Amino acid sequence: MNDAGSVAEGNQHNFVRDIVRQDIEAGRTESVITRFPPEPNGYLHIGHAKSICLNFGIAQEFGGRCHLRFDDTNPTREAQEFIDAIEADVRWLGFDWGEHRYFASDHFERLYEWAEHLITTDKAYVDDQSAETIREHRGTLTSPGIDSPFRTRSVNENLDLFRRMRAGDFADGQRVLRAKIDMASGNINLRDPVLYRILHAPHPRTGTKWCIYPTYDFAHGQSDSIEGVTHSICTLEFEDHRPLYDWLIDNLPVPTRSRQYEFARLNLSHTVLSKRRLSRLVDEQHVEDWDDPRLPTLRGLRRRGYPPEAIRDFARRIGVTKRDNTVEFALLEHCAREVLNRTAERRMAVLRPLKLVVENYPADAVDHLAAVNNPEDTAAGTRQVPFTRELFIERDDFMEDPPRKFFRLAPGREVRLRYAYLVTCREVVKDAAGEIVELRCTYDPDSRGGTAPDGRRVKGTLHWVSAQHALPAEVRQYGPLFLHADPGANADPFEHLNPSSRERLDGCRVEPALTDLAPGTTVQFERQGYFCLDRTSRSDRLVLNRTVALRDSWARTLQRRPQQAGQHARRST
């Protein structure tokens with residue numbers, strides 16, 4: 001494991017860490033072992049990142065280790081593609097499991113032996129009822145379940161049937177193995193839960209060796225025990241499953257006893273984090289694919305330009321609680337800005353170009369001006385930016401009849417071109433339709449670097465690119481995927497999809513220093529925001545995704561509401 005965990009979690013106070021610390025101080029735990037247990041049936045999202053940072057962070061803080069274990073008990077939905085993607089995402093986030101990568105399928109033989117142990121101790125039986133009947137007879141929160149007519153089968157009969165299930169003698173769904181606990185239990189999860197089902201499907205790792213597979217509840221806790229996991233940290237929906245987790249450990253000859261603890265899962269505003277709904281977004285082509293920059297998947301965030309440091313910082317800030325709440329997406333954007341402001345190099349780009357001709361500048365001259373790469377990092381140095389007679393500026397930086405507080409370019413007004421010269425607009429050129437197509441300006445040759453030789457004040461500073469040297473680019477800007485702040489609270493969140501969640505700007509111009517930019521690199525376009533070079537870019541046509549704008553609504557919110565900011569910090573402990 002590298003040191004990313006300390007960056008992500010530090011020594012942040014929360015109830016899970018208190019439990020681990022108390023276990024160590026009381027001598028109940030000598031070496032802390034946690035695990036991150038994804039199912040290899042999809043791609044990781046920002047909610048998984050919270051769990052990754054928590055599990056790896058706790059292990060590192062207390063000198064232990066964190067396992068990566070794939071709970072691969074459903075072969076019809078799992079694939080090597082997802083295994084590879086999950087490993088890549090965890091590593092990208094900054095964590096490493098070393099030699100401790102495991103699969104539930106590693107333990108299939110021992111799990112089977114333990115299932116036979118439950119049968120021989122009369123604590124499990126083979127049920128011939130259909131899945132639908134089992135559900136119907138399970139009862140409700142206010143009424144007990146109904147015993148299966150096969151619950152009283154003898155140990156020998158159950159053992160014979162279970163072995164024949166393994167041998168492939170029965171069809172899918174024909175029989176299941178159930179724990180024999182209590183059909184009148186107040187916890188529905190203890191009403192004789194299914195432990196094994198028949199599924200004639202090849203497994204990505206075990207091939208056709210098995211035609212029966214353990215359920216998640218049976219495989220999960222026992223895999224924890226086999227691997228020596230000391231603190232099995234789950235999200236809150238597994239709280240009602242903990243009595244079953246403990247019952248199985250109590251009734252099986254497991255080598256170690258693991259304990260399960262639950263924390264609230266992440267809910268993020270203006271998006272969804274359920275696999276089913278994310279799959280629907282992809283399947284119905286509301287987004288391009290699983291790495292669409294609008295998705296909260298780690299692949300999508302990475303393609304959009306979010307640095308892993310920002311996601312780890314986000315996980316630290318939101319904290320670990322026992323209570324569900326929704327975190328504003330603006331906080332994630334704020335974390336990205338804080339990292340990128342320190343690390344991203346600056347460049348100039350004009351997204352909606354308007355030609356500006358410097359009439360008194362020589363037509364064939366090129367002036368190479370020094371531009372700062374990152375004012376937050378002097379070691380980043382400078383680059384050369386070409387200045388020529390014909391330039392592009394941002395169309396919004398000019399107004400023919402400006403209001404009083406408009407300090408950018410207007411007829412007769414002087415402004416500063418960043419790193420270059422002071423220019424004054426002398427003429428506005430329009431086409432036949434009356435649209436402005438060109439500005440005719442003059443420059444002050446003695447103002448190189450943007451400083452007036454006589455000390456006169458110039459309020460406006462504009463970014464620009466050389467028309468001769470600029471590169472063509474397509475820029476994609478993103479808004480919320482859903483218009484509703486809490487789409488998951490609606491019966492059909494897809495009614496609130498934002499039709500303007502992506503805006504494509506064609507005909508943009510960027511400075512030539514972006515020629516050597518590697519895909520996945522994020523830069524700051526001065527006065528615009530942070531942008532990441534997309535994987536679809538070509539040498540003759542750059543494609544850039546806006547990571548975040550420069551404007552930080554979260555920081556302003558905290559400035560306006562310091563009391564609420566303090567309350568947020570307290571809720572995160």
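Guide: β1 and β2 run parallel and are joined by 4 bridges. This is a predicted model. Across that pairing, Phe36 stands opposite Leu68 in β2. The sheet is open, with 3 strands in the order β1-β2-β3, and its pairing is parallel. β1 (33-36) and β3 (101-103) are the edge strands; each has a single partner strand, so one side of each is left without a neighbour in the sheet. On average, neighbouring strands are turned by 35° against each other, direction ignored.

Now the helices. α3 packs on the sheet and touches β1 and β2. Its direction makes about 160° with that of β1. Helix α8 (residues 216-227) lies across β1, β2 and β3. It runs at about 140° to β2.

Next, the nonpolar core. The largest one has 41 residues. Ile46, Val90 and Phe314 have the most contacts inside it. Among the elements that each supply at least two of its residues are α3 (46-61), β2 (65-70) and α4 (80-93). The largest share, 7 residues, comes from α13.

Take Val90 as an example. Leaving aside neighbours within four places in sequence, Val90 is in contact with Phe36, Leu44, Ile52, Phe56, Phe95 and Trp97. Phe36 is the residue that stands opposite Leu68.

Another core, of 35 residues, lies apart from the largest one. Its members include Leu111, Leu118, Phe170 and Tyr245.

Notes:
Residues numbered from 1 in each chain as written. Predicted model: local features only at pLDDT ≥ 70, side-chain atom pairs only at ≥ 80, totals over all residues. Heavy atoms only, no water. Core = buried A, V, L, I, M, F, W, Y, C linked by side-chain atoms within 4.5 Å. Buried < 20%, exposed > 50% of the residue type's maximum accessible area, 1.4 Å probe, protein only. Contact = heavy atoms within 4.5 Å. Pairing = 2+ DSSP bridges. Axes fitted to C-alpha atoms, helices over the stretch in contact; angles between N-to-C directions.
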